Amino acid sequence: MAQSTFFIPAINMMGEGCLESAVQSLAGYGYRRALIVTDAWLEQAGVAARVAGLLEKSGIASEIFAGAQPNPTIGNVEAGLARLRAAGCDCVVSLGGGSPHDCAKGIALVATNGGGIADYEGVDRSAKPQLPLIAINTTAGTASEMTRFCIITDESRHIKMAIVDRHVTPLLSVNDPLLMLAKPPALTAATGMDALTHAVEAYVSTAATPITDACALKAVSMIAANLRQAVADGQDVAAREAMAYAQFLAGMAFNNASLGYVHAMAHQLGGFYNLPHGVCNAVLLPHVEAFNAAVVPGRLADVAAAMGVAVAGASAADNAARCLAAIRELSAAIGIPAGLRELGVKPEDIPTLAANALKDACGLTNPRPADQAEIEGIFAAAL
Ligand SMILES: [Fe+2]
């Protein structure tokens, strides 16, 4: 087995009501002023002000920057960086789902390394650790609060840049399910399917290890058992908490085993049409895994077992087919669109999307290498 390195934040706080204890724990760190990076909705709902109040009690002043858009852009990072520098912040607190966390990582990385965020596209391009980042999660999906992945849209090139850098790993992650109750059903569904995609892509990845395998399969079984309920009743704290753990486990898996073509292709759809990441993944997942099934049927049969749909004694290929069917059934049950056409994807854009997908670093660990025509074929099948 090849060498492996396991990345995870130093401290990870989970469970009902952990937000307050997490912020209290910052009192001894010596920080003076934080930039709270969030989105417009969490600012308007008063959640950012609540976090600012908790920071104040720990002796940390703060500035709220609510400029992280869905699919955050280079412009968002630059605007936040200007606020951070003007206010003289010495740490960053991200509050939200993947978009605020990724925007905050971009800000915190450039704050210490200089230049622009586009300079760090690729793997481990920065020289220094970012400013300390405390990531408070409000969705169960991207796991950005605990990963070394930072996805920023280059609005001039209409692509999503993948910045995979050990230095963007947050210092402290916070997953308090009470912050997740307000998520609407469609967002719960999309982010939950993002987490499932992380687990499946990490499990079939060429960089999987026994550690990431354990995390991925546990994540799959928890998502299969809880996502429908979290979508059906957003106030079900037990289902929300299970999804928070599941997405964290899936994050542990893909943060270290990386991903595959689902993410490489979904990033292009997100960058080109500004579509929600989780929905793009959910639509593409069965199509990419159908392509992968030719080389990793046993791995997909394991996923089927974790989902509770494998049949004992059946062939790996048959159970892999059950895995794909179960993924489609789960998507349909929680209201995910059946195809990309419903999302506005145009057939004439497929060659460009496929060419860019092949340049995305996330595809490097897909178990079955594909060429331009094969990626185009997967996009076409997913229409
Ligand atoms: Fe993702």
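Mentor: Let us begin with an open sheet in which three strands follow the order 5-8-7 with mixed pairing. Helices (H or I, at least four residues) and strands (E, at least two) are DSSP runs, numbered from the N terminus, and two strands pair if DSSP finds at least two bridges between them. At the edges of this sheet are strand 5 (122-123) and strand 7 (149-154), each of which pairs on one side only.

Before we go further, a word on the model and its numbering. This is a predicted model, in which local features need pLDDT of at least 70 and side-chain atom pairs count only at pLDDT 80 or more, while totals for chains, interfaces and linings use all residues. Residues are numbered from 1 along each chain as its sequence is written, and side-chain values use heavy atoms, with hydrogens and water left out.

Strand 7 pairs with strand 8 (residues 159-164) over six bridges, in the antiparallel sense. One example is Asp154, whose bridge partner in strand 8 is Ile159. Helix 5 (residues 98-113) packs on this sheet and touches strand 7 and strand 8. Contact here means heavy atoms within 4.5 Å. The direction of helix 5 makes about 95 degrees with that of strand 7; axes are lines fitted to C-alpha atoms, for helices over the stretch in contact, and angles run from 0 to 180 degrees between N-to-C directions.

Strand 7 deserves attention of its own. Six of its six residues are buried, so strand 7 is largely enclosed by the rest of the structure. Buried means under 20% relative accessible area, exposed means over 50%, and partly exposed lies in between (1.4 Å probe, protein chains only). In a regular strand the side chains alternate between the two faces of the sheet. In strand 7, Phe149, Ile151 and Thr153 point one way, whereas Cys150, Ile152 and Asp154 point the other way.

Strand 7 and strand 8 also form a hairpin, with four residues between them. His158 lies in the loop between these two strands and has a positive phi of about 55 degrees although it is not a glycine. Most residues other than glycine have a negative phi. His158 is partly exposed, with a relative accessible area of 45%. A further residue with a positive phi is Ser258, which is not a glycine and has a value near 65 degrees. Ser258 is found in the loop between helix 8 (237-257) and helix 9 (261-273), and it is buried, with a relative accessible area of 14%.

We now turn to another open sheet, which has six strands in the order 1-9-6-4-2-3 and parallel pairing. Strand 1 (11-14) and strand 3 (61-65) stand at its edges with a single partner strand each, so one side of each has no neighbour in the sheet. From one strand to the next, the twist averages 15 degrees. Strand 1 runs parallel to strand 9 (residues 172-175), and four bridges join them; Ile11 stands opposite Leu172 in strand 9. Helix 5 packs on this sheet as well, touching strand 2 (33-37), strand 3, strand 4 (91-96) and strand 6 (133-137). Its direction makes about 165 degrees with that of strand 4.

Within this sheet, strand 2 is mostly covered, since four of its five residues are buried. Strand 2 pairs with strand 3 in the parallel sense over five bridges, and four bridges join strand 2 to strand 4, also running parallel. Ala34, found in strand 2, illustrates both pairings: its bridge partner in strand 3 is Ser62, and its bridge partner in strand 4 is Cys91. Ala34 is buried, with a relative accessible area of 0%. The residues that Ala34 touches, not counting those up to four places away in sequence, include Leu55, Ile60, Cys89 and Val93. Glu63 is also among them; Ala34 and Glu63 are 29 residues apart in sequence, yet 6.4 Å apart in space, C-alpha to C-alpha.
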